[in-house]
Amino acid sequence: MDSQSIHPDLEPIAFLLGRWEGAGVGGYPTIESFRFGQEIVFEHNGKPFLSYQSKTWLLDDEGAMVRPLATESGHWRSLPERQVEVLLSHPTGIVEIYVGEVVFHKIELQTDVVARTATAKEYTAGRRLYGLVNGNLMYAYDMAAVGRPLTSHLSAELKKVG
Ligand code: HEM
């Protein structure tokens, strides 16, 4: 899929391309904290968007894989003036559209639209900060859910593996 030359509009977010693996920590005022492993893949096919897929799994105290946790997938669209639109779909009955901007190797996103099915947990907004730090992809994710305002849910650091 990546054999096509990259679309010039993608240049500001091209640093995301590839496969990333690492670990992070999660929590929320309403749940127990946890450690998780994660794999993220960003691909392109020559068109002006990146395809995105993330898988996570629960880690025990020794760092061994316990069971799958959240997955999400979608598309990252790079626009003029270093603006970004991100569309994500979650198997938990939630879809969301983020807007934001790229500043060097940092991307700040906030939800513009969230929609959820009747059975999804109450979730109203998200904010994500991604950054390339010493070649690693780091991010922090805050969410407004189950009656709480934007509060930290996750942070992780991933290394490029492909
Ligand atoms: C790397 C991705 C993520 C991981 C590893 C993760 C993990 C978890 C875990 C372990 C829980 C507690 C147990 C449970 O309810 O299943 C949880 C709760 C929750 N997560 Fe996530 N999550 C991730 C991403 C997200 C995203 C993207 C959203 C929203 C779109 C989200 C929304 C929620 C909500 C609403 C709860 C329920 C909180 C409550 O009931 O008090 N999570 N998450």
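The model is predicted, so local features need pLDDT of at least 70 and side-chain atom pairs count only at pLDDT 80 or more, while totals for chains, interfaces and linings use all residues. Residue numbers start from 1 along each chain as its sequence is written.

**Two of the annotated residues**

- Thr30 sits in the loop between β1 (18-28) and β2 (31-43); strands are DSSP runs of E, at least two residues long, numbered from the N terminus.
- Thr30 is exposed because 10 other C-beta atoms lie within 10 Å (exposed means 12 or fewer such atoms, with C-beta atoms placed from the backbone).
- Lys121 is found in the loop between β7 (106-116) and β8 (123-133), and Lys121 is exposed too, with 10 other C-beta atoms within 10 Å.
- Beyond its neighbours within four places in sequence, Lys121 is in contact with Thr92, Ala145 and Val146 (C-beta atoms, placed from the backbone, within 7 Å).

**Around the ligand**

- The ligand is surrounded by 21 residues, the closest being Thr30, Leu69, Ala70, Lys121 and Ala145 (C-beta atom, placed from the backbone, within 6 Å of the ligand).
- Elements giving two or more residues to this shell are β1, β2, β4 (65-78), β8, β9 (136-145) and β10 (151-160).
- β2 gives the most, with four residues.

Technical notes:
Buried ≥ 20, exposed ≤ 12 C-beta atoms within 10 Å, placed from the backbone. Contact = placed C-beta atoms within 7 Å.
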